[in-house]
Amino acid sequence: QLQASGGGLVQAGGSLRLSCAASGTFSTINIMSWYRQAPGKERELVASITGGSTNYADSVKGRFTISRDNAKNTEYLQMNSLKPEDTGVYYCKMITNWGRAYWGQGTLVTVSS
């Protein structure tokens, strides 16, 4: 299972770092990613990392950085220059080489103006 942490309340312009650690026995994890769901909106992809290749939603490019530690089966999301529109529940997701997907429980990020 995945355990996400690092969410909280921050003022606009501030920073937060989210972490997501996989516990238990996992086969090799291929894709690690972060999604978010704002109130009243659908869940959207924020960032993903496969090997050394990263992908970001246009709305977070230049402000967020996704990284991973394969030895620890952990992924991170460094969020800088946060905006009120970044508010939402952030979910981590990992997909193994076998195609099995795992989701974290979500961590709330609130950005005040």
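In strand S10, Ala 101 is the bridge partner of Ile 95. Strands here are DSSP runs of E with at least two residues, numbered from the N terminus. This is a predicted model, in which local features need pLDDT of at least 70, side-chain atom pairs count only at pLDDT 80 or more, and totals for chains, interfaces and linings use all residues. Residues are numbered from 1 along each chain as its sequence is written, and side-chain values use heavy atoms, with hydrogens and water left out.

| Partner of S9 | Sense | Bridges |
|---|---|---|
| S4 | antiparallel | eight bridges |
| S10 (residues 101–103) | antiparallel | three bridges |
| S11 | antiparallel | three bridges |

Met 32 has Met 94 in S9 as its bridge partner, and Gly 88 stands opposite Val 109 in S11. The hairpin of S9 and S10 has four residues between the strands, and Gly 99 there takes a positive phi near 90 degrees.

Seven of the nine residues of S9 are buried, that is, under 20% relative accessible area with a 1.4 Å probe, protein chains only (exposed is over 50%, partly exposed in between).

The largest nonpolar core has 28 residues. Such a core is a set of buried Ala, Val, Leu, Ile, Met, Phe, Trp, Tyr and Cys residues joined through side-chain atoms within 4.5 Å. Residues with the most contacts inside the core include Trp 34, Met 79 and Tyr 90. Strands S4 (29–37) and S9 (88–96) are among those that each supply at least two core residues, while the largest share, four residues, comes from S3. Not counting residues up to four places away in sequence, Met 79 touches residues including Phe 64, Tyr 90 and Val 109, where contact means heavy atoms within 4.5 Å.

Definitions and conventions. Pairing = 2+ DSSP bridges.
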